[in-house]
Structures are given as C-alpha cells and as structure tokens.
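User: Please go through a model with me in questions and answers.

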Amino acid sequence: MKDLSGKTAIVTGGGGGIGGATSRRFAAEGAQVAVFDMNLAAATQVANDICANGGKAAAFLCDITQRSQVDAAIAAAETQLGPIDILVNNAGITRDKSLLKMSYQEWAQVIDINLNGVFNCTKTVVPYMVENKYGRIIC
C-alpha cells in the first residue's frame with residue numbers, strides 16, 4: 001500500500017473483523033480514518049486503538065441502509081476529519097443457508113446491506129470527491 005498521509009478514508013463496517021483490520025491498516029499508512037458501523041461501541045474501540053497507536057480516527061454510528069444516516073455520517077466525517085479521499089465499502093452480511101431455508105426477510109436484509117448500502121455510501125460520497133477533484137472507492 002502506498003503512503004496515505006494527508007488522506008481521509010471512510011471504512012464501512014469498520015468496527016468488525018475485516019473492517020477493523022482495514023481501518024487500522026489505513027491508519028498505519030497515514031490516513032485519517034472514519035470508522036462507520038452500526039455498532040458504535042465496536043467502531044469506537046477501533047478508533048481508540050488507532051489513536052492509541054498515534055493515528056487519527058473517529059467513530060460514527062451509521063446504518064448504511066438508511067440514506068439519511070449515511071448523509072449525516074459522511075458530512076460529520078468530513079467536518080471532523082477533512083475532505084473524504086477514500087471510501088471502503090466493506091460492510092456486508094451473509095446468511096449461511098440454502099435458498100430453500102432462507103426467508104424473504106433474510107434475503108432482503110442481505111440485499112439491503114450488501115447492495116443498497118454500497119449504493120447509498122457511494123452516491124453520497126461521490127459529490128464530495130468530485131468537488132475535491134480526488135477520490136478512490138473500494139468495493
């Protein structure tokens with residue numbers, strides 16, 4: 001990974017295993033990290049770990065399936081950490097069930113988080129990136 005000093009990254013699902021590791025790695029490479037998660041305690045722990053190791057991070061409560069929460073969290077992240085340069089659409093879920101055992105509600109939740117959440121975050125962050133004339137999105 002290249003030096004990310006001066007860059008600000010949002011990591012969705014940043015309080016979880018892969019998201020937490022991604023957040024910590026981006027911080028180790030010099031990025032300021034906005035740790036987005038539905039579990040604020042987990043996001044806060046990751047942000048605190050980053051800060052304890054000399055990085056800069058902040059935790060944001062964000063249900064990526066709710067466009068209003070995404071809009072508010074991205075605006076807050078930019079206000080607190082600076083222009084958003086990188087979005088990592090990491091949040092996602094799976095259901096360990098065959099098609100015959102999966103309910104419609106479970107399927108809808110998978111689609112809402114894994115697809116609609118990515119759309120919500122990407123749709124909201126792109127205008128910021130266009131305005132700043134820089135951006136990278138990782139899905």
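Predicted model: local features only at pLDDT ≥ 70, side-chain atom pairs only at ≥ 80, totals over all residues.

Analyst: Residues are numbered from 1 along each chain as its sequence is written, and side-chain values use heavy atoms, with hydrogens and water left out.

User: Is Thr65 buried or exposed?

Analyst: Thr65 lies in the loop between strand E3 (57–61) and helix H3 (67–81); helices (H or I, at least four residues) and strands (E, at least two) are DSSP runs, numbered from the N terminus. Buried means under 20% relative accessible area, exposed over 50%, and partly exposed in between (1.4 Å probe, protein chains only). The relative accessible area of Thr65 is 16%, so Thr65 is buried.

User: Which residues does Thr65 touch, not counting residues up to four places away in sequence?

Analyst: Contact means heavy atoms within 4.5 Å. With residues up to four places away in sequence not counted, Thr65 touches Asp112, Ile113 and Asn120.

User: Which strands stand at the edges of the sheet?

Analyst: Two strands pair if DSSP finds at least two bridges between them. The open sheet has five strands in the order E3-E2-E1-E4-E5, with parallel pairing. Each edge strand has a single partner strand, so one side of each is left without a neighbour in the sheet; these are E3 and E5 (136–138).

User: How many bridges join E1 to E4?

Analyst: Strands E1 (residues 8–12) and E4 (residues 86–88) run parallel. Val11 stands opposite Val88 in E4. The number of bridges joining E1 to E4 is three.
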